[in-house]
Amino acid sequence: MSELARLKVLWRPLVRRRYFASTTSPKLHLGCGTKMVPGWLNADKFKIGADVWIDAYKRLPFPDASFDVVYSEHTIEHVRIDKVAHVLREVSRVLRDGGLFRVTCPDLELFARRYVADDRAFFAPILEHFQGKAAKTHDPKYWLVRTKGSAFVARVVQPFHHHRWMYDFETLESCLREVGFGRIVKQSYRRGLRDDVAALDSPEREFETLYVDAEKRAV
């Protein structure tokens, strides 16, 4: 842990208290990256600009039923497969009964359909991205990313995006139901059970993304 991260951990209780005192509808932005959303508690492990530093592989530093909403965009595919159940259970734990979890990630079914349909336009942005990286870094691993098949596989193989798994709706729904979510709905870009939450969806990710809203069921 860097010194700045250590300071973030030390400041976390103060930041947390100030945030909860400032709102009647607490919202957690989990894995925020560089996207700081006003009115949300923006949390990340790798971006020091986040409001709070957290390690999602450990217990989240919040009491039970702390939040009305948890939003996580293109984060779950980075989670180690042996830690997925833990992370989802922690999200359920910190949500209030009836609270909303909106989770997005690359959509395995969408990629498979586009691959079988030979939809080269769909894979073109991925190929362009890696061709740019190859020209800039001269990293030999990018040499392989030259076809729609390699663009598909690059979404799953860890050295390219640090992705560890690829989800379809059926798999994600089953996991969410197992850890305590009731109503689980496949959504679309910036459409969901709450418009203010769906509004956080990033436009540059729309073409490849699975959008899921899940409500925590009351015990």
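Cys-32 is buried, at 5% relative accessible area (buried is under 20%, exposed over 50%, partly exposed in between, with a 1.4 Å probe and protein chains only). This is a predicted model, in which local features need pLDDT of at least 70 and side-chain atom pairs count only at pLDDT 80 or more, while totals for chains, interfaces and linings use all residues. Residues are numbered from 1 along each chain as its sequence is written, and side-chain values use heavy atoms, leaving out hydrogens and water.

Let's stay with the cysteines for a moment. Searching the whole structure turns up zero disulfides (cysteine sulfur pairs within 2.5 Å). For Cys-32, the nearest cysteine sulfur belongs to Cys-105, 18 Å away. Cys-175 has its closest cysteine sulfur in Cys-105 too, but the 10 Å between them is too far for a bond. Cys-175 is partly exposed, at 26%.

Now for the rings. There are 16 aromatic pairs in the structure (Phe, Tyr or Trp rings, the six-membered one for Trp, with centres within 6.5 Å; planes under 30 degrees apart are stacked, over 60 edge-to-face, the rest tilted). Phe-111 and Phe-152 make a tilted pair, because their planes meet at 45°, with centres 5.6 Å apart. Phe-111 belongs to helix α3 and Phe-152 to helix α5, so the pair ties together parts 41 residues apart in sequence (helices are DSSP runs of H or I, at least four residues; strands are runs of E, at least two; both are numbered from the N terminus).
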